[in-house]
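Biologist: I'd like to learn how to read the packing and pairing in a model like this one. Could you walk me through it?

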Amino acid sequence: MQKKTLHIISHSHWDREWYMPFENFRIRLVELFNQVLDLLEEDGNGFEAFHADGHVLLIEDYLEVHPEQRSRLENLVREGKLFVGPWYVLQDAFLTSGEAQVRNLLYGIEKARELGGVTMVGYYPDTFGNISQSAQMLQGFGIKHAVFGRGINPVAENNQVKNEENNGFTSEVWWASPDGSRVLSVFLANWYHNGMELPVGRDEAQKRIDIVVPNVERFATTSHLLLMNGCDHQPVQRDVGAAIRAMNELLPENYEAVHSNFPKYFDELEGSIGQLHTAVGELTGQITEGYGLLINTASSRLYLKQWNARLQRELERWTEPFSVIADQFGMAYPRHLIRHAWKLLMKNHPHDSICGCSLDEVHREMETRFMKTSQVAEALTTKALTFIASRVPQPDVISPSLSGYAITVFNPLERSSGSWVEVEVYAEEAIAAEEWQLLDSGLGQSFVVQVVDEGIVSGFTLPDDQFRIRWKKRRYRLRFYASKVPALGFSTYYWMPAQNKNAVATNQALCAQSGNDEKVLENERLKLTVHINGQISLTDKRNNKRYENILILEDRGDIGDEYNYIQSEDENDLRLGTGGFTSLEDCSVPGEPRLRIGQSWSLPQKREGKKRSEEELAHKFEWLISLEEHSARIDVELTWTNLSEDHRLRVLVPTDLETGDVYADSPFDWTKREIVPWEGWKNPCRTERMQSRVALKEDMEGFMIATDGLPEYEVLRDGRNTLAITLLRCIGELGDWNYFPTPEAQNVGKAQKVRFSLIPLGQDMFEGFNEADAFLYPAKAVAVPIRELGANEDDGVPIRYSLADLEQTHPAVRLTTLKKSESEEAIVLRLVNLMEEPCEVDLKLNSQSNPIVSKGLLDESTLAEPLKLEERDTLRSLRDQAGAKRIETYLLKQQPKSREG
């Protein structure tokens with residue numbers, strides 16, 4: 001008879017902040033670890049190991065209070081009794097970027113190794129759904145095993161599996177990413193508390209055995225059965241050794257209970273697995289009635305998601321890459337400060353934090369962390385851009401007094417880009433702007449520029465080598481179109497007195513076309529028509545596809561909580577903002593026709609029971625809709641002050657595209673999902689999550705919406721395949737296991753501002769990514785007085801520069817990071833192929849530093865021998881193949897020696 005082993009793993013799932021603020025939970029954390037350390041050092045008590053919940057931040061939190069305990073803790077880690085890592089935090093997987101999750105593992109594994117050793121198990125006990133590329137990410141760090149608690153079977157009350165609705169999946173599964181990577185995984189079919197508070201008494205122990213053992217065996221495929229001895233913020237069970245002895249006295253002779261740990265459990269599991277099911281891609285538990293999936297945490301406290309999206313973009317596409325470029329020209333790469341910013345941001349990434357499903361006090365503290373992250377990241381970006389801009393050459397032909405300004409425009413995208421740019425110029429004295437001109441780097445072409453005199457302003461400078469300097473200067477704001485700015489690089493323009501006044505370019509503005517009751521935004525690609533009666537239509541002039549009655553506001557009552565949207569039972573619940581506009585005016589600027597639209601709309605004040613109140617409050621909305629001269633997208637900004645409670649506000653964009661699938665971006669993936677849910681789905685709401693873009697595609701046409709921190713969408717099954725984007729959700733309680741009021745989650749009295757972009761698509765859906773990126777990552781510019789630049793001789797910084805570009809590569813291949821490696825002087829450049837087939841990569845690299853390029857892993861280790869590069873003038877070209885849905889990491893070594901900051 002085969003022997004069966006009950007692996008009992010002691011743990012405490014540690015939500016850092018949730019239904020109590022962080023410091024309240026830390027008091028309990030300190031008490032927990034004081035006890036754990038004592039128990040692990042005692043002999044003969046049967047307490048052999050403790051799993052520290054898969055992330056190291058709780059260890060940092062403990063050691064901040066008890067730094068004197070570090071050596072004890074490290075000894076226990078080295079001895080294989082205390083198991084830490086591999087994550088820095090247990091993040092939400094859908095609401096944090098792929099690169100944020102890579103940093104999470106980089107810093108978590110590093111910290112765990114500093115503490116004595118890392119537990120190489122991908123631990124996702126309570127993640128609100130699991131993303132498709134998890135297996136590939138884990139494999140990129142050499143992690144071959146995972147544990148997860150949600151996503152493949154229906155979940156019943158108290159997070160246990162509905163035994164009558166098993167999908168056929170077992171506890172042990174292969175979990176595969178769309179590229180084919182897979183990890184041996186354990187699904188916590190009976191949750192992570194199925195072995196909590198094990199009884200010591202004989203009768204109670206027998207009762208527990210009769211319940212838990214059959215429940216585990218029902219889903220297990222091997223003789224190794226997992227019992228998780230703990231739960232949320234669970235105090236350690238001090239007598240678990242005695243409880244295990246009691247179990248062994250009562251279990252049949254072919255069963256044995258042991259106090260175990262995950263490395264031991266997986267070692268034994270590896271030798272006993274047979275044919276297993278494979279769960280492919282994202283795991284969100286869609287075979288269900290549609291309730292309790294926690295997907296609506298994507299719209300709880302949307303202001304948090306907006307903060308997070310902006311700061312992830314700042315770090316990933318500005319701070320890190322331009323610090324790399326500045327490092328090439330002599331600035332010390334600020335590795336430690338960048339890590340500091342990432343760690344501040346990641347402290348907001350645990351699921352109960354970024355998902356917006358905690359107490360008001362918790363989320364107030366998050367705002368402070370976001371502000372701190374912003375201060376560090378934006379200051380580091382400014383430092384890098386200013387360092388570069390101050391070292392571009394002086395123009396070859398200058399006025400005797402060296403008057404004028406060099407304006408350096410920076411492009412964070414992996415392909416050259418044209419962009420409208422705004423830049424501030426600080427002058428010592430008044431400038432006759434009508435007698436100045438904006439010239440390209442060769443001084444041969446002048447450009448249209450809008451100049452606004454903003455008057456005298458005060459400021460100060462903090463030099464590196466002397467005391468602060470106060471100043472008063474005149475500020476001018478310049479706006480112009482910078483064409484073909486090099487990828488991952490910059491281009492320089494000069495604003496200076498015109499040598500020939502006839503050469504001064506005049507300011508011209510594209511304006512919205514006007515009619516009696518309508519206005520039109522139009523360029524060579526798109527035409528948007530807005531009627532005063534509230535009707536808006538959009539025509540894609542490239543294929544004559546017309547989208548009718550778009551940008552409708554929808555409002556419904558919400559009687560749910562921070563976790564779940566639950567539709568009001570009011571028969572008159574649905575409200576559509578179709579009553580027309582109160583104002584419609586042209587507010588165009590040069591090169592960008594704009595419309596400002598006023599709209600007034602009355603909404604119920606709050607909920608009354610399961611319905612909405614009869615009392616209504618008037619809301620005033622202001623739309624700002626713009627179409628840049630050279631773009632194929634419509635940018636939309638909507639502002640208002642929310643006055644109502646218990647409701648959800650969305651914008652609707654009917655597409656009339658005939659398709660059964662929707663595409664959305666998730667970390668390192670472009671995920672295809674079915675619009676029509678499983679046949680047993682009953683919830684009238686079927687929202688989904690994205691990072692920043694969602695699209696529908698039919699043959700030669702399609703439609704994409706890119707959003708700035710609005711991660712919840714739904715495709716309505718209304719016969720028109722309407723895309724619905726959640727703009728605001730207001731609720732008054734946390735939800736879950738008790739009543740916790742959250743009045744600040746109602747957002748009452750708060751000014752709201754949301755941004756999104758409408759992008760009609762042609763034959764190639766991925767071309768829309770270029771427009772989405774242009775919306776999300778607009779260029780930045782820095783102006784420096786010409787007289788403060790270096791001399792004409794080569795100062796090492798050219799007037800135009802590109803570190804790397806993917807101009808000749810299919811747009812489905814996207815850049816995800818450009819940074820310095822954590823442990824050596826190498827540049828890490830990462831791409832992802834979003835297509836379901838391999839794609840040729842043509843990556844051009846600046847050869848100034850003579851890079852040697854090797855393939856690498858996500859952990860930044862070298863994977864193979866250096867790759868061959870082709871010489872092309874001042875560039876070197878790397879030709880490679882990115883596998884289907886594959887994350888490809890390249891390490892560029894032998895750079896000039898860096899000076900660490």
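Modeller: Gladly! Keep in mind that this is a predicted model. Let's start with charged pairs: the structure holds 77 salt bridges.

Biologist: Which side chain meets Glu-41 in a salt bridge?

Modeller: Look for a side-chain nitrogen of Lys or Arg within 4 Å of a carboxyl oxygen of Asp or Glu. Here, the partner of Glu-41 is Arg-72, with 2.6 Å from N to O. Glu-41 belongs to helix α1 (residues 22-41) and Arg-72 to helix α3 (residues 70-78), so this pair ties together parts that are 31 residues apart in sequence.

Biologist: And how do α1 and α3 themselves cross, at what angle?

Modeller: Their axes come within 11 Å and cross at roughly 50 degrees. That angle makes α1 oblique to α3. The crossing is left-handed. On the α1 side, the contact is made by Leu-37, Asp-38, Leu-40 and Glu-41, and on the α3 side by Arg-72, Leu-73 and Leu-76. Notice that both salt-bridge partners, Glu-41 and Arg-72, are in that list. By class, the contact has four nonpolar and three charged residues, with no polar ones.

Biologist: Let's take another pair. At what angle do α9 and α10 pack?

Modeller: Helix α9 (residues 302-328) and helix α10 (residues 335-346) pack at about 170 degrees, their axes 11 Å apart. Angles over 145 degrees count as roughly antiparallel, and that makes α9 roughly antiparallel to α10. The crossing of these two helices is left-handed.

Biologist: Which residues make that contact?

Modeller: From α9 come Asn-308, Leu-311, Gln-312, Leu-315, Glu-316, Thr-319, Glu-320 and Ser-323. From α10 come Ile-338, Ala-341, Trp-342 and Leu-345. Sorted by class, the contact of α9 with α10 has six nonpolar, four polar and two charged residues.

Biologist: What other helix does α10 pack against, and at what angle?

Modeller: Helix α12 (residues 360-389) packs with α10 at about 155 degrees, and the axes are 9 Å apart. That makes α10 roughly antiparallel to α12. Again α10 passes α12 in a left-handed crossing. In α10, Leu-337, Ile-338, His-340, Ala-341, Leu-344 and Leu-345 meet Arg-369, Phe-370, Lys-372, Thr-373, Val-376 and Leu-380 of α12. The classes here are eight nonpolar, two polar and two charged.

Biologist: Now for sheets. What should I look for in general?

Modeller: Strands of a sheet pair through backbone hydrogen bonds, either parallel or antiparallel. One case is an open sheet of four strands in the order β43-β44-β49-β46, with antiparallel pairing. Its edge strands are β43 (813-820) and β46 (852-856), each of which pairs on one side only. The twist from one strand to the next averages 25 degrees.

Biologist: How many bridges join β43 and β44?

Modeller: Seven bridges pair β43 with strand β44 (residues 827-833) in the antiparallel sense.

Biologist: Which strands make up the nine-stranded sheet, and in what order?

Modeller: This open sheet runs β25-β26-β29-β30-β39-β36-β35-β32-β33, and the pairing is antiparallel. At the edges are β25 (583-586) and β33 (669-674), each pairing on one side only. Ignoring direction, neighbouring strands are turned by 20 degrees against each other on average. Four bridges join β25 to strand β26 (residues 594-604), and the two run antiparallel. A handy landmark is Glu-585, which stands opposite Arg-596 in β26.

Biologist: Finally, the backbone. Where is there a cis peptide bond?

Modeller: Check omega: the bond joining Gly-85 and Pro-86 is cis, with omega about 15 degrees. Pro-86 is found in the loop between β3 (82-83) and α4 (98-114).

Biologist: And what is the phi of Asn-549?

Modeller: Asn-549 has a positive phi of about 55 degrees, although it is not a glycine. This residue lies in the loop between β22 (545-547) and β23 (552-557).

Technical notes:
Residues are numbered from 1 along each chain as its sequence is written. This is a predicted model: local features need pLDDT of at least 70, side-chain atom pairs count only at pLDDT 80 or more; totals for chains, interfaces and linings use all residues. Side-chain values use heavy atoms; hydrogens and water are left out. Axes are lines fitted to C-alpha atoms, for helices over the stretch in contact, and angles run from 0 to 180 degrees between N-to-C directions. Angles under 35 degrees count as roughly parallel, over 145 as roughly antiparallel, 65 to 115 as roughly perpendicular and the rest as oblique. A crossing is left-handed if the near helix is turned anticlockwise from the far one by less than a right angle, and right-handed if clockwise. Contact means heavy atoms within 4.5 Å. Ala, Val, Leu, Ile, Met, Phe, Trp, Tyr, Cys and Pro count as nonpolar, Asp, Glu, Lys and Arg as charged, and the others, Gly among them, as polar. Two strands pair if DSSP finds at least two bridges between them.
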